[in-house]
Amino acid sequence: MATAYFECPLGTVLLEGDHNGISRISITSEKDHGSQNVPQELKQAIFQLKEYFSGKRTRFELSLNPEGTGFQKKVWTELQKVPFGKTISYLELSKTLGDVKAIRAVAAANGKNPLWVVVPCHRIIGSDGSLTGYAGGLWRKKWLLDHENPVKQQVLF
């Protein structure tokens with residue numbers, strides 16, 4: 001398994017993957033992972049993530065290979081359908097998956113998402129519009145949603 005790190009506005013990003021695809025992307029506040037050569041398998045992912053953070057990319061085109069249960073993978077696949085700059089609620093996601101009663105299981109699968117940003121679990125919010133739990137910290141979720149918001153608030157006066 002190849003590993004690489006790079007800095008983004010929210011901290012240090014850790015990537016793991018191999019010739020089958022990217023299996024893990026996570027964020028940490030830790031610094032100093034030393035200098036390293038980026039493995040070939042991860043170069044495109046780093047390139048696309050850097051484009052995302054610089055505002056040049058709204059969609060990822062990567063081979064993904066996350067580990068998870070069948071249900072988790074189904075949820076993660078559905079998360080990728082939530083458009084850039086949009087949000088949906090956990091309830092809406094549960095309905096899309098065909099079982100409104102599975103809302104807690106859907107939320108749990110969302111929280112286990114191993115592909116930070118690329119599988120946009122940050123776009124899932126509470127039914128009342130609240131920014132509910134986020135493994136990377138609510139401040140990061142808010143930053144990501146603000147970064148993706150296509151309508152920036154203008155100063156009125």
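A disulfide here is a pair of cysteine sulfur atoms within 2.5 Å. By that rule, this predicted model has zero disulfides. Below is a quick tour of the cysteines, the nonpolar core and some of the salt bridges.

**Cysteines**
- Start with Cys8: the closest cysteine sulfur to its own is in Cys121, 14 Å away, so the two are too far apart for a bond.
- Looked at from Cys121, the closest cysteine sulfur is the one in Cys8, again at 14 Å and too far for a bond.
- Cys8 is buried, at 12% relative accessible area, and Cys121 is buried too, at 9%.

**Nonpolar core**
- The largest nonpolar core has 38 residues, and Leu15, Ile25, Leu49, Phe53 and Trp116 make the most contacts inside it.
- Elements that each supply at least two residues of this core include strands β1 (2-8), β2 (11-18) and β3 (21-28), along with helix α1 (40-53).
- Helix α1 gives the largest share, six residues.
- Skipping neighbours within four places in sequence, Leu49 touches Phe6, Leu15, Ile25, Phe60, Val117 and Val118.

**Salt bridges**
- The whole structure has six salt bridges.
- Glu148 and Arg123 pair up at 2.7 Å, N to O.
- Glu148 sits in helix α5 (residues 138-148) and Arg123 in the loop between α4 and β5 (124-125), so this pair ties together parts 25 residues apart in sequence.
- Both Glu148 and Arg123 are buried.
- Glu51 and Arg57 form another salt bridge, at 2.8 Å, N to O; Glu51 is buried at 18% relative accessible area, and Arg57 is buried at 15%.
- Glu61 and Arg59 also pair, with their closest N and O atoms 3.7 Å apart, and both residues are exposed.

Definitions and conventions
Residues numbered from 1 in each chain as written. Predicted model: local features only at pLDDT ≥ 70, side-chain atom pairs only at ≥ 80, totals over all residues. Heavy atoms only, no water. Buried < 20%, exposed > 50% of the residue type's maximum accessible area, 1.4 Å probe, protein only. Core = buried A, V, L, I, M, F, W, Y, C linked by side-chain atoms within 4.5 Å. Helix = DSSP H or I, 4+ residues; strand = E, 2+ residues; numbered from the N terminus. Contact = heavy atoms within 4.5 Å. Salt bridge = Lys/Arg side-chain N within 4 Å of Asp/Glu carboxyl O.
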